[in-house]
Amino acid sequence: QVQLVESGGGLVQAGGSLRLSCAASGRTFSDYDMGWFRLAPGKEREFVASINWSASSTSYADFVKGRFTISRDNAKNTVYLQMNSLKPGDTAVYYCAARFWNGHYYDKTKEERYAYWGQGTQVTVSS
């Protein structure tokens, strides 16, 4: 089992920044690819960003490219999501997720590919 705990959410004005953190425990963190997803009211949960186990590869949804940056610190068992130039449309509950890296290709944007999830952290962007 992998336990994930997100933090860093809050209320911010449009154009502002937030840094989300996701602390992992229970297994060897560097064995897992990590992803961030978000769930906005009235919408389905959607992919935001992912980072592979070694931090050598990242992926982003088009709507956050150039604004958000995913990173990880395997020594601290933590993955981060730096969010800049926030927009009201970024308002959502943000979830981190983990997938054991087995060397096989998979679609990192699909939430069903991730076995472990945190409880989420609320991000609200006011206009």
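Start with the rings: across the whole structure there are 8 aromatic pairs, counting Phe, Tyr and Trp rings (the six-membered one for Trp) whose centres lie within 6.5 Å, with planes under 30 degrees apart called stacked, over 60 edge-to-face and the rest tilted. This is a predicted model, where local features need pLDDT of at least 70, side-chain atom pairs count only at pLDDT 80 or more, and totals for chains, interfaces and linings use all residues. Numbering runs from 1 along each chain as its sequence is written, and side-chain values use heavy atoms, with hydrogens and water left out.

**Stop 1: the ring cluster**

Select Phe37 and Tyr114. Their rings pair edge-to-face, 5.3 Å centre to centre with 75 degrees between the planes. Phe37 belongs to strand E4 (residues 32-39), while Tyr114 sits in the loop between strand E9 (92-100) and strand E10 (116-117), 77 residues apart. Strands here (E, at least two residues) and helices (H or I, at least four) are DSSP runs numbered from the N terminus. Phe37 and Tyr114 are both buried, meaning under 20% relative accessible area, with exposed being over 50% and partly exposed in between (1.4 Å probe, protein chains only).

Tyr106 counts as buried because its relative accessibility is 5%; Tyr114 comes in at 4%. Bring in Phe47 and Trp117 too, and ring pairs link them with Phe37, Tyr106 and Tyr114 into a cluster.

**Stop 2: arginines over rings**

Stay on Tyr106 and show Arg99: the arginine's charged end sits over the tyrosine ring, 3.8 Å from its centre. (The test is NZ of Lys or CZ of Arg within 6 Å of the ring centre and within 35 degrees of the ring normal.) Then jump to Arg72, which lies over the face of Phe29 at 4.3 Å from the ring centre.

**Stop 3: Ser50**

What does Ser50 touch, leaving aside neighbours within four places in sequence? Its contacts (heavy atoms within 4.5 Å) include Met34, Ile70, Lys108 and Tyr114. You'll find Ser50 in strand E5 (residues 46-51), and it is buried, with a relative accessible area of 2%.

**Stop 4: the nonpolar core**

The largest nonpolar core has 34 residues, and Met34, Trp36, Leu81, Met83 and Tyr94 have the most contacts inside it. Core members are buried Ala, Val, Leu, Ile, Met, Phe, Trp, Tyr and Cys residues joined through side-chain atoms within 4.5 Å. E9 gives the largest share, 5 residues.

Zoom in on Met83. Not counting residues up to four places away in sequence, its contacts include Leu18, Phe68, Tyr94 and Val123.

**Stop 5: E8 and its partners**

Colour E8 next: 5 of its 6 residues are buried, so the rest of the structure largely encloses it. E3 and E8 run antiparallel, joined by 6 bridges; strands count as paired if DSSP finds at least two bridges between them. E7 and E8 are antiparallel as well, over 6 bridges. In their hairpin, with 4 residues between the strands, look for Asn77 and its positive phi near 55 degrees.

**Last stop: the disulfide**

Finish at Cys22 and Cys96, joined S to S at 1.9 Å in the structure's 1 disulfide (sulfur atoms within 2.5 Å). The torsion about the S-S bond is about 45 degrees, so the disulfide is right-handed. Cys22 lies in strand E3 and Cys96 in strand E9, so the link ties together parts 74 residues apart in sequence. Both cysteines are buried.
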